[in-house]
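Let us walk through this structure, strands and helix to begin with, then the charged side chains.

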Amino acid sequence: MPEIIVHMVSGRTADQKKKLMDGIYQAVKDALPVKEEHIVISLIETDKEHKSRGGILFKDL
């Protein structure tokens, strides 16, 4: 059972997240010989105040 976990900054719309999960699902379905119902995708969202890059909070980028 493939499980794909995407870490991302929060703030995307429900439609954007659905489109992302649909695209990932399709790529896994095309690449691996697994049953469709075994493909699991999780989005882990983090607030911009709780994530940094290069020592700078995402909210300040």
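Two strands pair if DSSP finds at least two bridges between them. The model here is a predicted one. In this model, strand β1 covers residues 3-9 and strand β2 covers residues 40-46. They pair in the parallel sense, over seven bridges. Between the strands, the chain passes through helix α1, residues 14-31.

Now turn to the charges. The structure holds four salt bridges. One of them joins Asp 22 to Lys 18, with the closest N and O atoms 2.9 Å apart. Both residues sit in helix α1. They are four residues apart, about one turn of the helix. How accessible are the two partners? Asp 22 has a relative accessible area of 38%, and Lys 18 has 46%. Exposed means over 50% and buried means under 20%, so Asp 22 counts as partly exposed, and so does Lys 18.

Another salt bridge links the side chains of Lys 29 and Glu 36, at 3.1 Å from N to O. Lys 29 is partly exposed, at 32% relative accessibility. Glu 36 is partly exposed as well, at 41%.

Further along, Lys 59 and Asp 60 form a salt bridge. Their closest N and O atoms are 3.5 Å apart. The cut-off is 4 Å, so this pair, at 3.5 Å, falls within it. Lys 59 is partly exposed, with 44% relative accessibility.

Notes. Residues are numbered from 1 along each chain as its sequence is written. This is a predicted model: local features need pLDDT of at least 70, side-chain atom pairs count only at pLDDT 80 or more; totals for chains, interfaces and linings use all residues. Side-chain values use heavy atoms; hydrogens and water are left out. Helices (H or I, at least four residues) and strands (E, at least two) are DSSP runs, numbered from the N terminus. A crossover is right-handed if, with the strands pointing away from the viewer, the path from the first strand over the helix to the second runs clockwise. Buried means under 20% relative accessible area, exposed over 50%, partly exposed in between (1.4 Å probe, protein chains only).
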